[in-house]
Amino acid sequence: MKYIVGIGGMTNGGKTTLTNSLLRVLPNCCVIHQDDFFKPGVRNPLFQPQDQIAVGEDGFKQWDVLESLDMEAMLSTVQAWVSNPRKFAHAHGVSVQPDTSDTHILILEGFLLYSYKPLVDLYSQRYFLTVPYEECKWRRSVPGWHEVP
C-alpha cells in the first residue's frame, strides 16, 4: 500500500515539527518539503544571479505565492516516489523495514500544498494546521525562532 499524506498550513504553524515527529514513528516513511522547491532567489544565495522571484507593488519579493515555487519539480519528485517508493527511500537515506515492506508513506509538507491541482488528486489524506494569529505573529517576529522537537 502507498499513502501520500499532505500536511499544509500557514508558515510557522508547526508543519515541520509534526512531520519530523511522524517520521520518527512511521515505518517506511519519506518526506518532501515544499520549501525545497523555491525558485532561485535571495533565499538561495548560490543562485542569486538567476533570481526568479517577482517583486510586488510594495517592493518586497513575493515568496508566499505559488509562482515562487517550482511545483513541476515537486510533482516530478512525488511521481518518482509513486513509481518506486523503495528506491526513493534508499536514495534519500530512509531504511525500509522488512516486516512492513508493503506499506510506504510519503508526507508532503508545505504552506501551499493544496493550491496546485496536479498534486491535489494524489493525496490519500490531507491536513491543514492552524495556530492563533498572535502566536503566528510572535513566531515570525522572533529571530532564530524554530520549533522544539
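This report walks through the nonpolar cores, aromatic pairs and cysteines of a predicted model.

## Ground rules

Because the model is predicted, local features need pLDDT of at least 70 and side-chain atom pairs count only at pLDDT 80 or more, while totals for chains, interfaces and linings use all residues. Residues are numbered from 1 along each chain as its sequence is written, and side-chain values use heavy atoms, leaving out hydrogens and water.

## The nonpolar cores

Let's start inside. A nonpolar core here is a set of buried Ala, Val, Leu, Ile, Met, Phe, Trp, Tyr and Cys residues joined through side-chain atoms within 4.5 Å. Buried means under 20% relative accessible area, exposed over 50%, and partly exposed in between (1.4 Å probe, protein chains only). The largest core has 22 residues, and those touching the most other members are Ile-4, Ile-32, Met-74, Val-78, Leu-106, Leu-108 and Leu-119. Strand 2, helix 2, helix 3 (85-91) and strand 3 each give two or more residues to this core, with helix 2 giving the most, at five. Helices (H or I, at least four residues) and strands (E, at least two) are DSSP runs, numbered from the N terminus.

Take Ile-4: leaving aside residues up to four places away in sequence, its contacts include Val-78, Trp-81, Leu-106, Leu-108 and Tyr-123. Contact means heavy atoms within 4.5 Å. There's also a second, separate core of five residues, with Val-5, Ile-7, Cys-29 and Ile-107 among them.

## Two aromatic pairs

Rings of Phe, Tyr and Trp (its six-membered ring) pair if their centres lie within 6.5 Å; planes under 30 degrees apart count as stacked, over 60 as edge-to-face and the rest as tilted. The model has two such pairs. Phe-38 and Phe-111 have ring centres 6.2 Å apart and planes at 20°, so they're stacked. Phe-38 sits in the loop between strand 2 (29-33) and helix 2 (71-83), and Phe-111 in the loop between strand 3 (104-110) and helix 4 (117-120), so the pair ties together parts 73 residues apart in sequence. Both Phe-38 and Phe-111 are buried.

The other pair, Tyr-114 with Tyr-123, is edge-to-face, at 5.4 Å centre to centre and 75° between the planes. Tyr-114 is partly exposed at 26% relative accessible area, whereas Tyr-123 is buried at 10%.

## Cysteines without a bridge

Zero disulfides turn up in the whole structure; a disulfide is a pair of cysteine sulfur atoms within 2.5 Å. For Cys-29, the nearest cysteine sulfur is that of Cys-30, 6.8 Å away. Cys-29 is buried at 4% relative accessibility, and Cys-30 is buried at 2%.
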